[in-house]
Amino acid sequence: MDEKALQTLEFPKVLARLARHASFSLSAERAAALRPAASLAEAQRWLALTGEARGLLKAQPQIGVGGARDMREYLRAAGRGQALAANELLDVKGTLVAGRTLVRQLVDEAAERPLLAEIAARMPSPAGVVDAITKAISPRAEILDSASSKLASIRSELGVVHERLLARMQKLLTSEPFAKALQEPIITQRDGRYVLPIKADSRVRAKGVVHDQSSSGATLFIEPLQVVELNNRWRELQLAERDEEKRILMELSALVAQQAEDITAVMQGLAELDLNFARARYAEELGARPVELLAMQPARAEGARHPGVVVRLFGARHPLLDPASVVPLDIELFPENYCLVITGPNTGGKTVTLKTVGLLALMSQSGLHIPTAVGSQLSYFEAVHADIGDEQSIEQSLSTFSGHITNIIRILKAADQRSLVILDELGAGTDPQEGAALARGLLDHLVKAGITTFVATHYPELKDYAHATPGVVNASVEFDLKTLAPTYHLVVGLPGRSNALAIATRLGLPKEIVEAARGSIDPDELRSEDLLDEIHRERERSRQARARAEEAQRAAQSLQAELAARLEAIEDERLEILEAARKESQAELEALRAEAGKLRAQLARARQPLQDVQVVQREIETLEEPLETPIRRQAVPESAPDRPLRLGDLVQVRSLGHRGVVIALGEGDAEVQIGALRARAKLGDLELLPDSAAPNGESERGWSGVQALPQSPGTELQLRGQRYEDALTQLDRYLDQAYAAGLPSARIVHGKGTGVLRDMVRKELGKRNYVERYDYALPHEGGEGVTVAYFRNQ
């Protein structure tokens, strides 16, 4: 890949941002040195690895290479026979432990993340290194007694000697001749040996070895002769401890050097995994998606030049620009085209468009997800070449004409059908007529060579060339004449317009000057410009209409999904209510059976007829009949009865397959008495029956045993948003009507708010003796914003 093109397209800046997401220096170096893959298969594998890493980090955010360190210097030192410090050996251990932990985690994820697991499987486990370092060195980088039996013995004796030495020194503090000769009663050290501070004028009485004196000369630091041997032994043991610790560190360092190849493999494996984690984190930061990389399919027909390139970048953003200020671009080469010529005003976004194409191609071939919308596709390019002179670009770097030509000559020598060539302001920096001719010649050469090319230019001659040449397509960046500012939208298929006269008019240039200038322009060109204006206006209207249609479609889809979810929830609630009613009736049946059994036994003992028992038995059979019918989920609600239902009407409950009498009516549902069973059903679930349809020819009242009840006020009362006094009056009237109508329960919707209405409702419910209990509704039915009151049986 052309290094100059990488610099021109600002690829190193992307890598610098990628490196910030690395967890240790080796992976950061890899990120900074990353280059596009050498093959399509490798690039696709890198993209898949990034996808696996993103999925893993979402599932396990804490996963990573924590504790890993760059140990290359340590391994080189150990290889030269040098002893590593205790903290350096701990770094070796930490890196190996991090590798072992990550390998174990990725092996467990092998089914879902096979590529990451494959990298982990290549990481060896250096034998004995972690155990040896753990045995010898504490987490605080201190060498442990367990490192060797010799060290343990030395330290044991060292402790004994040290205690004896201090005890002897303490005794000398209070004994003659030292007690009276002391400058102050303390024990201190000089040159690693314990001494006493003796007055200089008492030197003769205090026999010992002088190690130091104070700056004033008034105090001598003397090692009493009585402790010289103990001090010597203590010092000898200290030196022996130091030598044994050095030997232990050298032994561990030799083990590290022996396992250097495996340790390096672990370190490199961790760096590779961490690079993929860094790619994943950077993709999340960009809000990026994986692009589909495709192989080129060159045309095989004789004389065909098309390289078979695919460039479809939807909603593309430059990754180095602030997402909040960037207008997403739709950059697409039509199937018959492989060269794009972009025209438009200065500062309109032509250069940013070129850089976006080149940079996203480099990123995707480096395994990076790119900031585009779903459905984006790119061909794999073996080389990317760019010549961009950014007079108003991100870098503000200027190039001379000769520099441009030198760079283009180098590109022409290297580019082929598998390359992407990006040229900004082709032919600029010289005489306009010669520059246009040169630009057309260069572009014609690239087109005939079948090289994928993106060009930005101001020359109108290239618009004509693009319009007339197969494989080449015009594109333009839009300009808003009302605001005199570019919109940064890229329009593929239409050349850019010359807005000079319109801009001059808007800015206030005298009309006669503008008209004189217009009169000197070829009328055919003016008609072309007017036609382009009309095409752009129609395109903008179409784009706005499409945007409105898409927004309406999204709103409709959202509403459809919401309604479907609500209908599903309602159906689930209906089934739950029916199941609860079934269970409640089953319990009543069991109680009736027990009662019938007792009655039968009592009558048998009294030798009485079993008429009462038979009556009870018939009632049980009546109740059992609807319970034996399974509860069915309603697919589509049936139509409502032909006339409005009234209390006492005989109806067929379609979902249960049984008849009953309406005993309460709500706005959209009704309560039906089926024998001793009460059931609530939607009005559409009820079929009105004639009076003669009652079972056994009995009347409605005689069959159901139900007296006509007052009309039901409905199962729910809405108080939310009402004033306190109005809500209290409405609640009082509603509770009396609901109980009189025989409702088993009622929902009172008061909302959450400040809690005033809620407290009033619960207070009023507590005053009524016909209210058995009350409680908040279930969370999915309103929670604390709804109180459900349960009435006593009448």
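Predicted model: local features only at pLDDT ≥ 70, side-chain atom pairs only at ≥ 80, totals over all residues.
**Notebook: charged and aromatic contacts**

Started with a network: D145, R155, E241 and E245 are linked by salt bridges. For the whole structure I get 36 salt bridges.

I looked up R76 first. Its side chain meets that of E73 in a salt bridge, 2.5 Å from N to O. Both residues sit in helix α5 (residues 72-79), three residues apart, about one turn of the helix. I have R76 down as partly exposed, because its relative accessibility is 43%.

Next I checked R113, which forms a salt bridge with E112 at 3.5 Å, N to O. Buried or exposed, I wondered, for R113? It counts as buried, because its relative accessibility is 11%. E112 comes out at 56% relative accessibility, so I noted it as exposed.

Then I went to R122, whose side chain meets E272 in a salt bridge of 3.2 Å, N to O. Which parts does this pair tie together? R122 is in the loop between α7 (114-121) and α8 (129-136), while E272 is in helix α12 (residues 260-286), so the pair ties together parts 150 residues apart in sequence. R122 is partly exposed at 47% relative accessibility. E272 has a relative accessible area of 19%; the cut-off for buried is under 20%, so I wrote E272 down as buried.

**Entry: aromatic rings**

How many aromatic pairs does a search of the whole structure find? My search turned up four. One I looked at is Y739 with Y770, which is stacked, with 4.5 Å centre to centre and 20° between the planes. Y739 belongs to helix α22 (residues 724-740) and Y770 to the loop between α23 (756-767) and β22 (771-776), so this pair ties together parts 31 residues apart in sequence. Y739 counts as partly exposed at 22% relative accessibility, whereas Y770 is buried, with a relative accessible area of 13%.

Y770 also pairs with F791, and I logged that one as tilted: 6.0 Å centre to centre, 40° between the planes. This pair links distant parts of the chain, with Y770 in the loop between α23 and β22 and F791 in strand β23 (residues 786-791), 21 residues apart. Y770 and F791 are both buried. Putting the rings together, I have Y739, Y770 and F791 as one aromatic cluster.

**Entry: charges over rings**

Last, I looked for arginines over rings. The charged end of R190 sits over the ring of F221, 3.9 Å from its centre. I also found R762 over the face of Y776, 4.2 Å from the ring centre.

Notes. Residues numbered from 1 in each chain as written. Heavy atoms only, no water. Salt bridge = Lys/Arg side-chain N within 4 Å of Asp/Glu carboxyl O. Helix = DSSP H or I, 4+ residues; strand = E, 2+ residues; numbered from the N terminus. Buried < 20%, exposed > 50% of the residue type's maximum accessible area, 1.4 Å probe, protein only. Phe/Tyr/Trp six-rings, centres within 6.5 Å; stacked < 30°, edge-to-face > 60°. Lys NZ or Arg CZ within 6 Å of the ring centre and 35° of its normal.
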